[in-house]
Amino acid sequence: MASDLSVILPRVLIVSRRTLRKNKFVDFVGEYHLDLIVGYGAVPVIVPRVNGVHMLLDSFEPIHGVLLCEGEDIDPSLYETEVDVSGLSPEELEEIRRLHASDTAIDKEKDSIEMRLAKLCLERNIPYLGICRGSQVLNVACGGTLYQDIEKELSKKHNENYELKPQNGVQVQHINYDDYDGHRHVVQVVEETPLHQWFKESVEKEGKMEIWVNSYHHQGVKKLAQRFVPMAFAPDGLIEGFYDPDAYNPEEGKFIMGLQFHPERMRRPDSDEFDYPGCPSAYQEFVKAAIAYKNKVNSSTSVPQPLKLDGEMEMKRKKIVRSFSIARNIYSGGLGGGLQRIKESELEAGAEFLESNTALSLQQENRLKQMGATVRNAGSYIERLKLNEERERLARNVMGKMSVEQLSDLLAFYHMMGQICSEVLERKLNGIVNDTDP
């Protein structure tokens with residue numbers, strides 16, 4: 001039995017962020033993320049932000065979960081259209097680049113890696129947790145859009161889709177460089193969502209559907225992709241969390257979610273104690289989904305155990321195996337004089353099995369009926385030709401007079417039947433037959 005935990009535990013991909021150190025790029029991932037992933041029973045696999053990695057993602061298989069987190073702004077060309085533009089002037093864009101210099105340097109390679117991973121999760125229902133930038137990547141991957149700068153765009157126009165207004169007319173501060181890790185702002189939690197479930201004890205204790213979250217971003221969700229449902233709003237109407245209700249059931253390996261805030265960093269000053277008991281729940285449920293997804297994938301691809309048959313069933317199995325073995329050898333012309341000993345009933349066993357045990361498409365069914373008829377007809381061919389050397393030479397002579405096209409069609413037909421035989425045997429006998437000897 002394997003003792004290596006990396007073989008047993010699910011693999012969660014996390015894309016690194018790069019920074020300059022001593023004039024060299026280094027890749028990093030926040031340790032809080034890694035601690036929680038490991039602590040709840042998964043193996044973090046770091047995907048380095050290196051040129052060309054977006055073309056090598058198949059090499060990171062198997063993938064049982066994807067966690068995307070920190071990073072620079074997403075390239076606006078990935079979500080802006082002529083209909084949905086920011087409306088920011090060149091002067092405003094330049095001011096944004098100056099104020100948020102560490103975030104506004106677009107990283108197209110990181111965009112490519114993370115967009116491919118997000119779309120892979122959506123296509124294959126792989127559990128996905130997006131934190132901060134990761135939530136924005138998820139929204140864009142599903143057709144949503146972003147504010148290029150919350151302060152400037154929301155000050156002009158509140159989110160038209162939701163009715164939340166700034167509290168007391170005060171604009172929400174979503175990033176504070178002077179109190180980077182200690183800054184918090186309130187969000188309203190939407191009832192009957194996973195976020196409500198995780199923080200239920202805290203909001204009920206406070207008597208209102210609110211929690212205080214950290215905030216390290218100047219961009220955010222503008223138009224939420226259609227498949228998602230909001231889980232929290234800031235007082236200015238900005239969506240601070242969302243999920244896909246049709247893809248959320250951690251016990252069954254389903255988890256597609258984005259959080260704009262960082263629950264892993266919501267900790268009391270100079271302490272590892274979380275602000276709320278529910279802070280690590282997103283990671284706990286995400287890993288639970290990754291474990292269930294891994295088990296589901298493994299069970300669907302595992303090799304079926306051989307069935308134990310009683311004496312009567314074993315005899316039937318041997319008759320079917322012999323029938324297909326005979327048919328195969330007739331097609332390949334390899335039995336020679338041995339064909340004289342074959343009974344038509346031996347060939348019929350295979351034909352009856354095909355017709356009574358196949359649930360396939362209409363086209364496949366028609367092919368198998370043709371094949372069954374051919375298996376039966378093979379018995380009459382044996383009787384007609386007497387299957388002796390003289391008749392066999394006669395048959396070869398007849399085929400020698402056939403055109404190249406006719407022989408090609410005949411050979412293709414026999415090849416097709418051989419393939420179908422192989423597929424049906426593998427599926428229906430469920431791995432019992434390891435050889436075709438009678």
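1. A residue is called buried when its relative accessible area is under 20%. In this predicted model, His174 has a relative accessible area of 5% and is therefore buried.

2. The position of His174 in the fold may be stated next. His174 lies in a loop, with helix H6 (150-156) on one side and strand E8 (184-189) on the other.

3. A separate element is the hairpin of strands E2 and E3. Strand E2 (residues 17-21) and strand E3 (residues 24-28) run antiparallel and are joined by five bridges. One of the pairings involves Arg17, whose bridge partner in E3 is Phe28. Two residues stand between the strands of this hairpin, and Lys22 adopts a positive phi near 55°.

4. The confidence of the prediction should be kept in view. The average pLDDT of the protein is 78, and 66% of the residues score at least 70. Over residues 158-168 the pLDDT stays under 50, although the model gives this stretch 23 contacts beyond four places in sequence. Residues 433-438 likewise have a pLDDT below 50, with eight contacts in the model beyond near neighbours in sequence.

Definitions and conventions: Residues numbered from 1 in each chain as written. Predicted model: local features only at pLDDT ≥ 70, side-chain atom pairs only at ≥ 80, totals over all residues. Heavy atoms only, no water. Pairing = 2+ DSSP bridges. Helix = DSSP H or I, 4+ residues; strand = E, 2+ residues; numbered from the N terminus. Buried < 20%, exposed > 50% of the residue type's maximum accessible area, 1.4 Å probe, protein only. pLDDT = per-residue confidence, 0-100. Contact = heavy atoms within 4.5 Å.
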